[in-house]
Structure formats: structure tokens, C-alpha cells
Amino acid sequence: MYPRLLLAVTLASSTQAFAQENAQASAPGFLEGSTLDLNLRHYYSNQHTKRTTHLSIKKAGGVEPTRVRETWVQTSMLKYSSGYTQGLIGVGVDAGIFSAVNLERGHGKVANGGDRVLVDGDGDAIPTWSRLGVGDVRLRLSSTEIKAGRLMTDNPILRYKDNRALPSSFQGVGLFSNEFDWLSVQGGSFERAIPRTGTGAEKLTTTFGNRAYSGARISYLGATVKPGYGLEASVYASRFEDMWDQTYVGLTHRIGDKSDIALKTAFNYYHTSDSGDKNLGYIDNNAASLAFTATHLAHSLTLAWQQVFGNEYFDYVWESTGNYMANSLYSDYNGPNEKSWQLRYDLDFAAYGVSGLTASLWHAKGWDIDGTHYDGDRNGHNTGYNVRSLDGAKHNENGLMVAYVIQSGTLKNTVLRTIVYNHRASGGQIDGSYDEFRLVANVPINIF
């Protein structure tokens, strides 16, 4: 079904291209358009558990609980991108080598296995690791591209995850079409995930479901339309084979000017239902969020509401952040039947003479998490979600993020970011209770 849709969209885009000025017409050439970039990332985090939450350290006789985890990693991401060959159809390639050095290798500090760094069978941190993070061949006709290989996809269904020392990527084929200013189309079919803390490819599993079960492939097709008047709309349809079918609708409206008052309204909705062999059992889940943001000069205030309608988690592919919901923060606030709200304040210090400095402060709360009515394993199907013990679970978090982008000099565009947050959970809520501090520096270097 979905490969045929991808082909149809490609052909349609190609037909439209001949009547328009297109990107391929100005292709400089394979070597002439080449770039080589290096991103050096320094990642540090210090995490402490609270209440009944514990991490684990692997020992010879079993596991030992701990309340502290420290992660300290230096990484480099070297990426080469060729230009496109000239002619009607352009050909190009991308290749990105990602590598990491563990600076904190203490057995007691590297808790919970390979959750944050790569470890061996004894739970010891592997000193260094590397992988092909990005590697693809691309074809372009007009302003429509097809890429095959390892990609860092970015859309409401399958979006690479970048909250660790290295980002994830996915292996398959992607379509990217931008024939008009007001319309963009994305499609794809992917069969493997390349994890943040790994060296190879893994089968596609889910983030909150039983990870003993996997799907052979996820395919999707979607479009974003910008008709003017401050409106933007996105619609995506996807199939995670033998797991679920998922549709997404996103609507955004912007009005006004921040010199006075600018208002943004954002609505996001996902519907997920079981598919094929129902490897995760029966699924019938709707999740929606609505957020209002008011901006005046340097100040922005956001109020968001989010709700899940279904007796299982609102879920997405593991190693992805395919979740555009308003309250996707440290926690996703995506428990069965969960309600949540968020209040957020953002400040841009450029208005006070410090360009590049920004700060964000937020509080979020979720409640009424109830999985007692779960029956997705009826008729002999697998138990996809372990939620029956959740009855009135709740949680909340507070977060502060300060970021600075260096504006000039040798280190121009270097991003320094620090995050401090706490999360408190009760009633078995999945994210537990933590305090954490993170410091991340990204230093981009354009070699040519």
C-alpha cells in the first residue's frame, strides 16, 4: 500500500516540476557542491533518584540498587555530503561517522546498563565506540528527493532522537518533496533503528509497549500545507507492520506581531489502532493536545492541555520522538486515560542586549492514569501493555533550560545548553522520581 503511494507522489511531483523553477536545475555538481562538517559534542549529566525509584548496578551475584548515575561523554559527528550531479536527475551521497569516548567509566556510576552509554555484558562502560550514523544515496528530480540508506528522519511519525551523547537514525528509504513554497510532502519506509547507544542496527520496537515484540517495517506518507493567513496544517498516515496503524493531524494558527502581542494556537492529534497480526494485542487509542502561546517582545507564555483516550499508552517507535504532543517533556504524559497540563515561560535575552541567550521555565502535571480496564490481550492475543496496576497514578515535573549560542569568532554558532529538572511520580507512573542536571555543548566546524 504505502510503497505505491510513495511512487504516486513522486511521479506527481515530477510532473509538476517541469513547469517550475527547480532546485535540480541549479545543481553545482557532485564534487563542487560537497561539504564536510564536524560537530563536537560534550555531554554531561548527573541524575539522582528519589522516593521508591532506584537504578541498578550489575554485580557478579545479581544487581545492586543505586540512587546516582553519572554520564560524561565526548563525541564527534563527521558528516560528508556531496553535491548533486547535473542533469535531469541528480545523484548524491551522504556519509556520517559518529564516535564517542566515555570519560566516566566507573562501574558504579554507569547504572541501568546501556540506557545512556554503551556497556559490555558485565555492565562496564565500553571506552570508545563508533558507527555509521548516516549513510545514503540520494536521487533528485526537480525539488523532490529520494534517499536510501541510514537517515535522520524528522516528522510526526518517525523523528530521530537526540537527547543523549549521540542521536539515533533509521535505515530504509525516504521521500522529501518541496515543489511549492506552500506544500511539503514526506514519505518513507524503514526497517531498522540505529540506537543512540549502539554500534549496529536493531529491529523496530515500541517505546512503551512490550519490547519482546517487533514490527518488520514502518511506512508513512504525509504532507504539510501553508495556505497563508497564519495557518499551517499537517496530515500523516502510517503503518507499523503487525503492530499498529497511526494517523496524525496537526493544526497551527499564528496571528499578530510580538512587538505588540503575537498569538499561536497549536492542536495535535494521533489515532492509533491495531494492525495485521496484532503483535501488541488490540489497540484503540486517541491522544490530543491544545496549546496557546502569547508572545510580547522577549517574553512568551504557553498554556497547554493534553489528554489520552484509551486503555494503553499513546505510543511511538523506540529510538524515535514521533510525538508532537504539547506535553512531551521529560515525561510524555501519555499514560492510559491520562490528563495533563503545562505552564511554560520563555525569555529571549536579545531584547536586553544579550543576543543568543535564551531561557525556558516550565511546570507540568499529569493525573487520572488508569489502566485497570485494559483488555488488549483478549481472544488470546499478546499483552502489549503492562498497565493494569495503574489506578489513579499521577506525576509532575519542573524544568529550567538556559542556552547560549556564540554569536561571533572562532566558536561562532557553538551552542551551550544546561538543563535542570525534577520529576515526581506516584502510583507506579512509568517515569519514576528523579532530579537531574545536564550540560551539553555542541561545537560545529565547517571543514569545507
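I'll start with S219, which sits in strand 10, residues 218-228; strands here, like helices, are DSSP runs numbered from the N terminus, at least two residues of E for a strand and at least four of H or I for a helix. S219 counts as buried because its relative accessibility is 6%. Buried means under 20% relative accessible area, exposed means over 50%, and partly exposed is in between, with a 1.4 Å probe and protein chains only. The side chain of S219 makes a polar contact with the side chain of S189, at 2.9 Å. A polar contact is a pair of N or O atoms within 3.5 Å; within protein, one must be able to donate a hydrogen and the other to accept it, and residues adjacent in sequence count only if both atoms are side-chain atoms.

Before I go on, a word on the model. This is a predicted model, so local features need pLDDT of at least 70 and side-chain atom pairs count only at pLDDT 80 or more, while totals for chains, interfaces and linings use all residues. Residues are numbered from 1 along each chain as its sequence is written, and side-chain values use heavy atoms, with hydrogens and water left out.

Next, the hairpins. Strand 11, residues 231-240, pairs with strand 12, residues 244-256, in the antiparallel sense over 10 bridges; pairing requires that DSSP finds at least two bridges between the strands. S234 has G250 in strand 12 as its bridge partner. Three residues separate the two strands in this hairpin, and D242 in the turn has a positive phi of about 65°. Strand 12 then pairs with strand 13, residues 262-274, again antiparallel, over 13 bridges.

Two other residues have positive phi without being glycine. S142 has phi near 60° and lies in the loop between strand 6 and strand 7. N379 has phi of about 60° and is found in the loop between strand 17 and strand 18. Are they buried or exposed? S142 is buried, at 2% relative accessible area, whereas N379 is exposed, at 65%.

Now charges. The structure holds 17 salt bridges, each a side-chain nitrogen of Lys or Arg within 4 Å of a carboxyl oxygen of Asp or Glu. One of them joins D435 and K50, at 3.9 Å from N to O. D435 lies in strand 20 and K50 in the loop between strand 1 and strand 2, so the pair ties together parts that are 385 residues apart in sequence. E436 and R438 form another, with the closest N and O atoms 2.7 Å apart. E436 is buried at 3%, and R438 is buried at 12%. Salt bridges that share partners join K50, R424 and D435 into one network.

E104, in the loop between strand 5 and strand 6, is buried yet has no salt bridge; the nearest side chain of opposite charge, K109, is 4.2 Å away. Lys and Arg count as positive, Asp and Glu as negative, and His and the chain ends are not counted. The E104 side chain does reach the backbone nitrogen of G106, at 2.8 Å.

Last, the surface. L301, L303, L343, Y345, L361, L400, V402, V420, F437 and L439 form a nonpolar patch with about 810 Å² of accessible area together. Patches are made of residues with over 30% relative accessible area and no salt bridge, with like charges joined within 9 Å and nonpolar side chains (Val, Leu, Ile, Met, Phe, Trp, Tyr) within 5 Å. Areas come from the Shrake-Rupley method with a 1.4 Å probe, and for residues only the protein chains shown count as cover. Strands 15, 16, 18 and 20 each supply at least two residues of the patch.
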